[in-house]
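Welcome! Take a moment to look at the sequence and turn the model around before reading on. We will then walk through it together.

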Amino acid sequence: MEKWKFLLYSVIAGLLGVMVTYMLNEFIVDWPSFIGIFIGIFISQFVFMLWRHKKDKHSSI
């Protein structure tokens, strides 16, 4: 997997999480929670993708 995909997919996942929160929050902007949700989803998605990449790299399949 190309290195840019790790960042792109993590950013997309973070933005989707913020959009869902925005809609569930009745379209009221709450910046601290949006920033926290984005950073949390971004980091967890990035770490998960790195973990899967390393796991698949050593696979014998």
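## One turn along a helix

Trp-31 and Phe-34 sit three residues apart in helix 2, so about one helical turn separates them. Helices here are DSSP runs of H or I with at least four residues, strands are runs of E with at least two, and both are numbered from the N terminus. Trp-31 is exposed, with a relative accessible area of 57%, whereas Phe-34 is buried at 5%. For these words, buried means under 20% relative accessible area, exposed means over 50%, and partly exposed lies in between, using a 1.4 Å probe and protein chains only.

Before we go further, a word on the model: it is predicted, so local features need pLDDT of at least 70 and side-chain atom pairs count only at pLDDT 80 or more, while totals for chains, interfaces and linings use all residues. Residues are numbered from 1 along each chain as its sequence is written, and side-chain values use heavy atoms, with hydrogens and water left out.

## The overall shape

How many helices and strands does the chain have? There are two helices and zero strands. Along its principal axes, the C-alpha trace spans about 50 × 15 × 15 Å. The chain has a radius of gyration of 14 Å, while a compact globule of 61 residues would have one near 10 Å. That radius is taken over C-alpha atoms, and the globule rule is 2.2 Å times the number of residues to the power 0.38.

Of the 61 residues in the chain, 13% are buried. The chain exposes about 5000 Å², and carbon and sulfur atoms supply 72% of that area. Such areas come from the Shrake-Rupley method with a 1.4 Å probe; for residues, only the protein chains shown count as cover.

## Rings that meet

Now for the aromatic rings. A pair of aromatic rings is described by the distance of the centres and the angle of the planes. Here, rings of Phe, Tyr and Trp (its six-membered ring) pair if their centres lie within 6.5 Å; planes under 30 degrees apart count as stacked, over 60 as edge-to-face and the rest as tilted.

A search of the whole structure finds six aromatic pairs. One of them joins Tyr-22 and Phe-34, which are edge-to-face at 6.1 Å centre to centre with 70° between the planes. Tyr-22 lies in helix 1 (residues 3-24) and Phe-34 in helix 2, so this pair ties together parts that are twelve residues apart in sequence. The rings of Trp-31 and Phe-34 have centres 6.1 Å apart and planes at 80°, so this pair is edge-to-face. Tyr-22 is partly exposed, at 30% relative accessibility. Ring pairs link Tyr-22, Phe-27, Trp-31 and Phe-34 into a cluster.

## The loop between the helices

Phe-27, a member of that ring cluster, is placed in the loop between helix 1 and helix 2. Glu-26 is found in this loop too. Most residues other than glycine have a negative phi, and most peptide bonds are trans. Against that background, Glu-26 has a positive phi of about 60° although it is not a glycine. Phe-27 likewise has a positive phi of about 60° without being a glycine.

## Where the helices touch

Ser-10 belongs to helix 1 and is buried, with 0% relative accessibility. Which residues does Ser-10 contact, leaving aside its neighbours within four places in sequence? They are Phe-42, Gln-45, Phe-46 and Met-49. A contact means heavy atoms within 4.5 Å.

Phe-42 is in helix 2 (residues 31-57). Not counting residues up to four places away in sequence, Phe-42 touches Leu-7, Ser-10 and Val-11. From C-alpha to C-alpha, Phe-42 and Val-29 are 19 Å apart in space and 13 residues apart in sequence.

Arg-52 also lies in helix 2 and is partly exposed, at 31% relative accessibility. Arg-52 and Phe-6 are 46 residues apart in sequence, with 11 Å between their C-alpha atoms. In the chain, 67% of the contacts between residues at least 6 apart in sequence join residues at least 24 apart.
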